[in-house]
Amino acid sequence: MSGEENGRVVVLCERLLEATRKHAADWNREAEDLFVWKGSQGTVSIGSRDKDGEPPYQLTVVNADGDTLEELRSDLVADDQPAPWNEPLAGLYRAARRRALKADEVLEAMIEALR
């Protein structure tokens, strides 16, 4: 998929990343390395394709009927350069994982316990 074809999916990825960082988007863990955000029109999932928590990542957009609409994967483009959407995917994966595992809340509780 070219950059032009996946532009709207990249925009969705970037906006979800921003909302996740602001705690405005909640994520759930669906599997060991798969995190899901549910919206009113459908769901977005992001995970590591190798299921190791590392790139390559894959984002999937599914409508309310369960049909896969779009996928965005970490990739290499011309001259084996990282695709421009790799970084937004990686950022969203890290933020979604952190939110689903409630990392901020756990860290804050631990810090409070040591005061």
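Hi everyone, and thanks for coming. Please keep in mind as we go that the model is predicted.

Let's start on the inside. The largest nonpolar core holds 23 residues. If you want to find it on the screen, look for the residues with the most contacts inside it: Trp27, Phe35, Ile46, Leu59, Leu72, Leu89 and Leu92. Which elements give two or more residues to this core? They are helix H1, residues 7-21, strand E3, residues 42-48, strand E4, residues 57-63, and helix H2, residues 86-100. Of these, H2 gives the most, with seven residues. As general background, nonpolar side chains in soluble globular proteins tend to be buried together.

Let's stay with Trp27 for a moment. What does Trp27 touch, once we set aside residues up to four places away in sequence? The list runs Leu16, Thr20, Phe35, Val36, Trp37, Val44, Ile46, Leu92, Ala96, Arg99 and Ala100. Please remember two of those names, Phe35 and Arg99, as both are on that contact list and both will come back.

How many aromatic pairs does the structure hold? There are two.

Put together, Phe35, Tyr57 and Tyr93 make one aromatic cluster.

Now for the backbone. If you follow the loop between E3 and E4, you will come across two features. Lys51 lies in that loop, and its phi is near 60 degrees, a positive value in a residue other than glycine. Lys51 counts as exposed because its relative accessibility is 66%. Pro56 is also in the loop between E3 and E4, and a cis peptide bond joins Pro55 and Pro56, with omega at about 5 degrees.

There is a positive phi at Asp80 as well, about 55 degrees, although Asp80 is not a glycine. You will find Asp80 in the loop between strand E6, residues 76-77, and strand E7, residues 81-82. With 59% relative accessibility, Asp80 counts as exposed.

On to the surface. Which residues form a nonpolar patch there? They are Val106, Leu107, Met110 and Ile111, and together they have about 360 Å² of accessible area. Val106 lies in helix H3, residues 103-113, and at 42% relative accessibility it counts as partly exposed.

Last topic: charges. Side chains of opposite charge can pair when their charged atoms come close. A search of the whole structure finds eight salt bridges, and I'll show you a few.

Here is Arg99 again. Its side chain meets that of Glu105 in a salt bridge, at 3.7 Å from N to O. Arg99 is buried, with a relative accessible area of 14%, while Glu105 is partly exposed at 39%. Asp26 joins in too, as Asp26, Arg99 and Glu105 are linked in a network of salt bridges.

Glu32 forms a salt bridge with Arg29, and the closest N and O atoms are 3.4 Å apart. Here Glu32 is exposed, with a relative accessible area of 61%, and Arg29 is partly exposed, with 41%.

Finally, Arg115 and Glu112 meet through their side chains in a salt bridge of 3.1 Å, N to O. Arg115 is exposed at 70% relative accessible area, and Glu112 is partly exposed at 42%.

Notes
Residues are numbered from 1 along each chain as its sequence is written. This is a predicted model: local features need pLDDT of at least 70, side-chain atom pairs count only at pLDDT 80 or more; totals for chains, interfaces and linings use all residues. Side-chain values use heavy atoms; hydrogens and water are left out. A nonpolar core is a set of buried Ala, Val, Leu, Ile, Met, Phe, Trp, Tyr and Cys residues joined through side-chain atoms within 4.5 Å. Buried means under 20% relative accessible area, exposed over 50%, partly exposed in between (1.4 Å probe, protein chains only). Helices (H or I, at least four residues) and strands (E, at least two) are DSSP runs, numbered from the N terminus. Contact means heavy atoms within 4.5 Å. Patches are made of residues with over 30% relative accessible area and no salt bridge: like charges are joined within 9 Å, nonpolar side chains (Val, Leu, Ile, Met, Phe, Trp, Tyr) within 5 Å. Accessible areas come from the Shrake-Rupley method with a 1.4 Å probe; for residues, only the protein chains shown count as cover. A salt bridge is a side-chain nitrogen of Lys or Arg within 4 Å of a carboxyl oxygen of Asp or Glu. Rings of Phe, Tyr and Trp (its six-membered ring) pair if their centres lie within 6.5 Å; planes under 30 degrees apart count as stacked, over 60 as edge-to-face and the rest as tilted.
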